[in-house]
Amino acid sequence: MTTIADNRLEICAITAFTDNYIWLLLDHSNQACAVVDPGDAGPVQAWLAEHPGWALTDVLITHHHSDHVGGVEKLKSAFDLRVHGPANEPIPARDRPLKDGDSIQVLGRTIRVIGVPGHTCGHLAYHLVDEDVLFSGDTLFSAGCGRLFEGTPLQMLTSLERLAVLPEQTRVYCAHEYTLSNLPFALAVDPGNQQIAERLAEVSEIRNRGQCTLPTYISVERAINPFLRVREAKIVEVVQRQAGLAITNAEECFAAMRKWKDNF
């Protein structure tokens with residue numbers, strides 16, 4: 001488990017499966033905690049067993065895929081907690097259905113709910129307003145974005161651009177350790193970008209030590225993530241050349257880039 005200290009809230013990455021992160025939010029003032037996307041109950045229960053006195057009060061779900069919801073029912077049956085998740089997706093044991101624009105209180109913090117369809121049709125992101133923290137699920141990854149399983153390229157592009165305008169100091173906690181695999185593609189799209197090259201070297205060292213590459217920051221993603229830069233002329237030119245077609249707008253650039261990444 002990797003621990004990342006926040007100024008006001010401690011956020012821990014509990015590893016699950018091959019590359020999933022279950023984010024654990026810790027409020028030390030009252031020893032209450034919450035988890036984001038517990039695809040497996042086992043690692044969460046193990047953490048709680050190792051840390052007696054902590055109460056699990058809330059579960060936040062970004063979308064319905066099994067590696068994000070697989071542990072919900074077991075946790076719900078074992079603890080007195082509330083399950084928050086997308087209103088229009090089949091979330092097990094959900095207590096509070098959520099939609100874009102909702103605001104909820106978890107661990108005494110205000111969380112703004114942002115609808116980010118694309119990976120799935122009802123995918124949500126959670127923005128802790130006062131903490132400058134975003135849980136982006138499988139929508140925004142460091143140097144990448146999620147595959148389009150249910151939504152359209154325009155939906156995903158719109159979702160990513162909604163997240164990209166959050167304050168630049170916002171820390172982004174996505175649901176998978178994909179940074180190292182995403183950066184070579186980002187460099188292929190923008191080979192002259194020194195920030196991408198430097199980040200690739202840094203992340204390679206981090207992963208060699210077996211450590212977590214997250215959180216990333218909105219400011220970093222604006223600079224290195226090609227899926228947030230589909231309106232830039234030099235990016236369009238590279239994607240157009242690779243795809244072998246004329247690209248006339250950002251949606252077309254995004255769709256061609258996502259197809260390229262899928263086969264990279």
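The briefing that follows treats salt bridges and then the largest pocket.

The model is predicted. A search of the whole structure finds 15 salt bridges. The largest pocket holds about 290 Å³ of space.

**Salt bridge between Asp27 and Arg109**

- Asp27 and Arg109 form a salt bridge in which the closest N and O atoms are 3.2 Å apart.
- This pair links distant parts of the chain, with Asp27 in strand 3 (residues 20–27) and Arg109 in strand 9 (residues 109–115), 82 residues apart.
- Both Asp27 and Arg109 are buried.

**Salt bridge between Asp102 and Lys99**

- The side chains of Asp102 and Lys99 meet in a salt bridge, at 3.2 Å from N to O.
- Asp102 has a relative accessibility of 15% and therefore counts as buried, the cut-off being under 20%.
- Lys99 counts as exposed because its relative accessibility is 52%, where exposed means over 50%.

**Salt bridge between Asp100 and Arg162**

- In the salt bridge of Asp100 with Arg162, the closest N and O atoms lie 2.9 Å apart.
- The pair connects distant parts of the chain: Asp100 is in the loop between strand 7 (96–98) and strand 8 (103–106), whereas Arg162 belongs to helix 4 (residues 153–164), and 62 residues separate them.
- Asp100, at 40% relative accessibility, counts as partly exposed.
- Arg162 also counts as partly exposed, with a relative accessibility of 32%.

- In general, side chains of opposite charge can pair when their charged atoms come close.

**Largest pocket**

- The lining of the largest pocket consists of 21 residues.
- Of these lining residues, Phe141, Cys145, Gly146, Arg147 and Tyr178 lie nearest the centre of the pocket.
- Helix 2 (66–69), strand 13 (144–145), helix 5 (179–189) and helix 9 (250–262) each contribute at least two residues to the lining.
- Helix 9 provides the largest share of the lining, namely three residues.
- Sorted by class, the lining comprises six nonpolar, nine polar and six charged residues.

Methods: Residues numbered from 1 in each chain as written. Predicted model: local features only at pLDDT ≥ 70, side-chain atom pairs only at ≥ 80, totals over all residues. Heavy atoms only, no water. Salt bridge = Lys/Arg side-chain N within 4 Å of Asp/Glu carboxyl O. Helix = DSSP H or I, 4+ residues; strand = E, 2+ residues; numbered from the N terminus. Buried < 20%, exposed > 50% of the residue type's maximum accessible area, 1.4 Å probe, protein only. 1 Å grid on protein atoms, 1.4 Å probe; cavity = no way out; pocket = protein on both sides within 12 Å on 5 of 7 lines; lining within 4 Å. Points joined across faces, edges and corners; volume = space filled by probe spheres on them. Nonpolar A, V, L, I, M, F, W, Y, C, P; charged D, E, K, R; others polar.
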